[in-house]
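Thank you all for coming. I would like to take a few minutes to walk through one model, and I will ask you to keep it in view while I talk.

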Amino acid sequence: MNDVTTVVGFIPLMDCAPLAVAVEKGFAAEEGLDLRLVRETSWANIRDRVVVGHFDAAHMLGPMAIASTLGVGHLKVPMAAPLSLGLGGNAITVSLRLWDLMLAEGAALSAGPREIGAALRNVVRARERANKQPFTLAMVYPFSAHNYELRYWLAASGIDPDRDVRLVVIPPPLLVDAMREGQIDGFCVGEPWNSLAVSVGVGCIALPTTAIWPFSPEKVLGCRLEWAQRHPDRLQALVRSIYKAALWCEQPENHSELARMLSEPRFVGAPAEILLRGLSNRLCLQRGDEAHDLPGFYLPASQSATFPWVSHALWFYSQMVRWGQVAFDPEHVPQVRATYRPDLYRWALAKVTNIPAEDAKVETLFDGVRFDSDDLPAYLQQLSGI
C-alpha cells in the first residue's frame, strides 16, 4: 500500500493535530500508508479540491460533507465521513470595543451563555435605537458548526442572526487581521485564532462554544464516497492511523511537543505557547489574565470524540433547514445518515477499541432543548418558537 501516496488536505487549526501526528509520529507509516498533508487557506478550497480529486480526503467541516452529499450550495458529490477529528475547540471572540459595551450591560468572563447573550442583546438593541449599522460577526463557512453554534446562541438570546447582526464568511487565518483592522466586531472560529486575538490585544474570548453545546461536534475526516468505495483498505488504514494519533494527542505529557509541532509553518504556524492553551484546555480569555480551566474544551479522543455520530449529522441538517439553506425533505434524511459512516469506523477499528453500540444519541444544548434525531419535524417545530 505504501507505494501509493494518500493526499489529505487540511486547514491551519489546532484540530488538524491528529493528521499532523499521524505523519510525524509514524502512525500512518505503521499502517502502510504514505500520507502526504497539504495545507490550505480556506474551507472553500478544501471543498473544491476534494470534489475534483486533488485530495483523497481532508480535514473537513462536518456540515460541509452533508451539504456536498445533498448538493446544497455547490456541486452534488456524495461524501463519506468515517471518523470525527475531535470534539469542541471553538470559541466566540469579540473586539475589545464590543466587550466593553457588553460589560456595561452585565457581561462577565465567568458568566454563562445566557448572561453573555443577554448583554449582547442589550447592546444590539441600543445600536438599533441609535440607527447605527448592525455589528458584523464572522464565521468560517456557511456550512459549519461555527455558523450553526453562533446562530443558535444568538437566536436563543433573542438576537435574530439574519436581521439584528451581519454575518460574513472569512477564512480562519485571516480573522485576527480582520478584527485588528476594525472590519469585524466578533468571530466564531477554532483555536488557536481566538487565543491569538487575545494575545495580540485585539479581542476577548466571550464564550467557548462548549458552553453552548458540551462535547460539540466539529471536523471530520471527509472523502468522496466513490473514493471510499474504490480504496477500502487505504481508508481503513487512514482511519486507524488517525485514531491512534488522536490518542497520542490527548495525553497531557505530549501537549508541549504537539504544540511545538503544530507551530511549524507547514502546519498551523502560530506560536507554540498560544497553541498549548487550547491543547491543554486552559485559555486566557483576555490579555493579561490568568488562564481559565475549561474542562472538555477540546477532546481529540475521549468521550467517543472520534466516533461519527449520525445524530451530529442530523443536527447539522436541522440547522441547515432552520436557517433556510435547504428546505426540509424526508428524502434528505437517509442521505444525511449515509454521509456519517459509523459502519466504516467499526470496520476499521473493531479490533482496536471499544465502539459505541448505537449510531445516534439524544443531544441537549445550553437552553435545555433536546434533539432527538428520530423526529426531525418535531424538533424543527419546537425551534420555531425560539
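Predicted model: local features only at pLDDT ≥ 70, side-chain atom pairs only at ≥ 80, totals over all residues.

Residues are numbered from 1 along each chain as its sequence is written, and side-chain values use heavy atoms, with hydrogens and water left out.

Let me start with the cysteines. A search of the whole structure finds zero disulfides, a disulfide being a pair of cysteine sulfur atoms within 2.5 Å. For Cys 223 the closest cysteine sulfur is that of Cys 16, at 18 Å, which is too far for a bond; for Cys 249 the closest is again in Cys 16, at 9.1 Å, also too far. Cys 223 is buried at 1% relative accessibility, and Cys 249 is buried at 1% as well, where buried means under 20% relative accessible area, exposed over 50% and partly exposed in between, with a 1.4 Å probe and protein chains only.

Turning to the helices, which, like strands, are DSSP runs numbered from the N terminus (H or I, at least four residues, for helices; E, at least two, for strands), how do α4 and α14 cross? The axes of α4, residues 62–70, and α14, residues 310–322, come within 10 Å and cross at roughly 70°, the axes being lines fitted to C-alpha atoms over the stretch in contact, with angles from 0 to 180 degrees between N-to-C directions. The two helices are therefore roughly perpendicular, a term that covers 65 to 115 degrees. On the α4 side, Gly 62, Pro 63, Ile 66, Ala 67 and Leu 70 meet Ala 313, Phe 316, Tyr 317 and Met 320 of α14, contact meaning heavy atoms within 4.5 Å.

Next, Asn 194 lies in helix α9, residues 193–199, and is buried, with a relative accessible area of 0%. Beyond its neighbours within four places in sequence, Asn 194 is in contact with residues including Asn 90, Thr 93, Phe 187 and Ile 205.

Finally, the backbone. The peptide bond from Glu 191 to Pro 192 is cis, with omega near 10°, and Pro 192 sits in the loop between β9 and α9. Phe 215, although not a glycine, has a positive phi of about 55°, and this residue is partly exposed at 36%.

Technical notes: Parallel < 35°, antiparallel > 145°, perpendicular 65-115°, else oblique.
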